[in-house]
Amino acid sequence: MSRENTAHLEGLSPYPYPTRGHRQAAELELRHVSKRYPGQREAAIGDLSFTVPAGEVCVLVGPSGSGKTTAMRLINRMVPLSGGEILLGGRSVLDREPRELRREIGYVIQQVGLFPHETVAENIATVPRLLGWPKDRVRMRVRELLELIGLDPAEMSGRYPAQLSGGQRQRVGVARALAADPPLMLMDEPFGAIDPINRTKLQDEFLALQAKVNKTVVFVTHDIDEAIKMGDRIAILREGGMLAQYDTPKAILARPADDFVAQFVGADRGIKRLSLTRLEEIELLPPDGAAPASRRLPGRASVKDALSVLLTAHGEALAVVDDEDRVTGLLTLSHLERLIAKDSDGEQRQVLASAGEAGS
Amino acid sequence: MTGQLAAAGPVIPDFSQHSSSCAVHNHLFCADWVKANWGPVLWPALRQHVVLTAIAIAIGFAIAMALALFAHRHSWAVQPTLLVTTFLYTIPSLALFELLVAPVGANIYAAEIALVSYTLLILFRNILTGLASVPQEVLDAAEGMGMSRRQALIRVELPLALPSIIAGLRIAVVTIIALATIVYTIYNRGLGVPIHNALGEGPFKTELIVAGGMAILLALLADAALVGLQRVLTPWSRAREAS
């Protein structure tokens, strides 16, 4: 059994040395999962079922008491399951030896929990060393990961956690979780203790990192904005660990399942939807070559940014430009209004929020 | 060993043999006397003192570590262990040495049992405090990354408890070096022997000063060695100060 698991662990990182390739992410499926603590009448997790496709970020979000951290810790068996089943890559986690399972699941927590007595390199090497990788392979992997998270290996390897900034510590925490190239990552409010400016930076960095490594990620937060930003899918939990809605951020913002979800995502969900849509995704006015617009935004910018610019543009058009600063289209306030109206009329899945919802 | 000390005979200097000796004129410190008695008296006493202390610390540390590891897992054991070790610590040392003579005999066993019993409270408390001071999130991370409890203990908890453990060792070592000077009351070993002899030498204070000074110096050196050991073993604790 253990031999077979080891073979599985080595997976796409063929001995003797790691390649730049990454191991296939695994699908995660929760089937009627429940957790009941002895002596408590209410279940911590009611009846939770959802599937996270391989390579996607699923954000568990909800008010305190909704059991989101508990749900996450059920997956790597740090909290024992009361009922139901959790499948990782089609295989029940209950069939696995817990420690072996955990070495295959990246784990990041809010307080990071770096080992204060170990250097950055030693911290990152934790799981590979537990797995008994040869020294050379561990060293190469550590260097590779430090480069991946944008820390200079020569400068940072020998530092102790106390010598790092909060943001650096969090990055090292992510690198440590990625060390053995796990098919699944669990992240419990990983950026919760970081100041807003650095949090935004770390979120962006993580999204860029995720685009490279393509892990299946379960990400816990209480911040709906973070959930919308980070999640391919969002699972909104209500008290008692019940699933209120599970869908993509856009779908949740467009069609909240009930009052609880509507209230939780906030009255400004129309605006939030605009922030999810990039200018290059919408139908722009053709660039007519006439009066060159003084206000420009790249196609990567969100419709929300464009709206903000237009509201102070005194009726002028906004030019949307590509990476070479060529104008690809124009946007005016009235055109944006038309797009929003069209979106709210049609049943087709359009990219914009309804003007009525956004305004109310 | 006993023979060696007995052969050294009375350590009261023979005034008649050294008419010019400083022993007559300089009662506080007579270098000639020290030179003459280093080999037969002082050096063996120092060696015995080190051995008495080392055995007591080694055994005391092993017992205290076992107790602390158990109590760390089973918190119900903390209070009873503290109660017993505190009780042992409060027994007047002279009384304890004498009490042990009847069941054990006036030998090294009685001496070590008494000395060990005085290390337990200090070491147990410090080891336990060190283990308890490991941050919860660090333990959570260790568990979440798939360490067994034993791996977490050896790779994470004990290294992080080291500063507290060594702090305990420092107090225990200094305490035992001081306490071992009264082992002579039941067992004729250690620096207590020349100190005790010196008390019977009237105005001549050289032996008292030299033997007492050696005990103090030994304690200071042992303490400094442990500080050095901690610096070597816990480079990370200084990194914190530097940052």
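Helices and strands are taken as DSSP runs, numbered from the N terminus. The structure is a predicted model.

In chain A, six strands form an open sheet: the 6 strands follow the order β6-β7-β8-β3-β9-β10, and their pairing is mixed. From one strand to the next the twist averages 15°. Within this sheet, strand β3 (residues 57-61) and strand β9 (residues 233-238) of chain A pair in the parallel sense, with 4 bridges. A:Val59 is found opposite A:Ile234 of β9(A). Helix α8 (residues 166-178) of chain A lies across β6 and β7 (184-188) of chain A, and the helix runs at about 165° to β6(A).

Chain A also contains an open sheet of 3 strands, ordered β11-β12-β13, again with mixed pairing. Its edge strands, β11 and β13 (327-331) of chain A, pair on one side only. Here the twist averages 30° from one strand to the next. The pairing of β11(A) with strand β12 (residues 318-321) of chain A is parallel and extends over 4 bridges; A:Leu297 has A:Val320 in β12(A) as its bridge partner. Helix α14(A) packs on the sheet, where it touches β11, β12 and β13 of chain A, and its direction makes about 175° with that of β11(A).

The loop between β11 (295-298) and α14 (303-311) of chain A holds A:Ala301. When residues up to four places away in sequence are not counted, A:Ala301 touches A:Arg278, A:Leu279 and A:Ala306. A:Val120 is 181 residues from A:Ala301 in sequence, and the C-alpha to C-alpha separation of the two is 36 Å.

The contact between the chains involves 18 residues of chain B and 19 residues of chain A. On the side of chain B that touches chain A, at least two residues are supplied by each of α7 (136-144), α8 (149-179) and α11 (235-242) of chain B. The most is given by α7(B), with 6 residues. By class, this side of chain B has 9 nonpolar, 5 polar and 4 charged residues.

Several residues of α7(B) are buried, namely B:Val138, B:Ala141, B:Ala142, B:Glu143 and B:Gly144. The elements covering the buried residues of α7(B) include α3 (98-103) and β6 (105-109) of chain A, together with α8 of chain B. Just after α7(B), a positive phi of about 95° is taken by B:Gly146.

The largest nonpolar core has 131 residues, of which A:Leu60, A:Val218, B:Leu115 and B:Ile176 touch the most other members. Helix α6 (residues 108-132) of chain B provides the largest share of this core, 14 residues. Leaving aside neighbours within four places in sequence, B:Ile176 is in contact with B:Thr53, B:Ala56, B:Ile57, B:Leu115, B:Tyr118 and B:Thr119. Another core, of 16 residues, lies apart from the largest one and has A:Leu274, A:Val303, A:Ala319 and A:Leu339 among its members.

Note on methods. Residues are numbered from 1 along each chain as its sequence is written. Chains are lettered from A and ligands numbered from 1 in the order in which they are written. This is a predicted model: local features need pLDDT of at least 70, side-chain atom pairs count only at pLDDT 80 or more; totals for chains, interfaces and linings use all residues. Two residues are in contact if their C-beta atoms, placed from the backbone, lie within 7 Å. Ala, Val, Leu, Ile, Met, Phe, Trp, Tyr, Cys and Pro count as nonpolar, Asp, Glu, Lys and Arg as charged, and the others, Gly among them, as polar. A residue is buried if 20 or more other C-beta atoms lie within 10 Å of its own, exposed if 12 or fewer, and partly exposed in between; C-beta atoms are placed from the backbone. Two strands pair if DSSP finds at least two bridges between them. Axes are lines fitted to C-alpha atoms, for helices over the stretch in contact, and angles run from 0 to 180 degrees between N-to-C directions. A nonpolar core is a set of buried Ala, Val, Leu, Ile, Met, Phe, Trp, Tyr and Cys residues joined through C-beta atoms within 7 Å.
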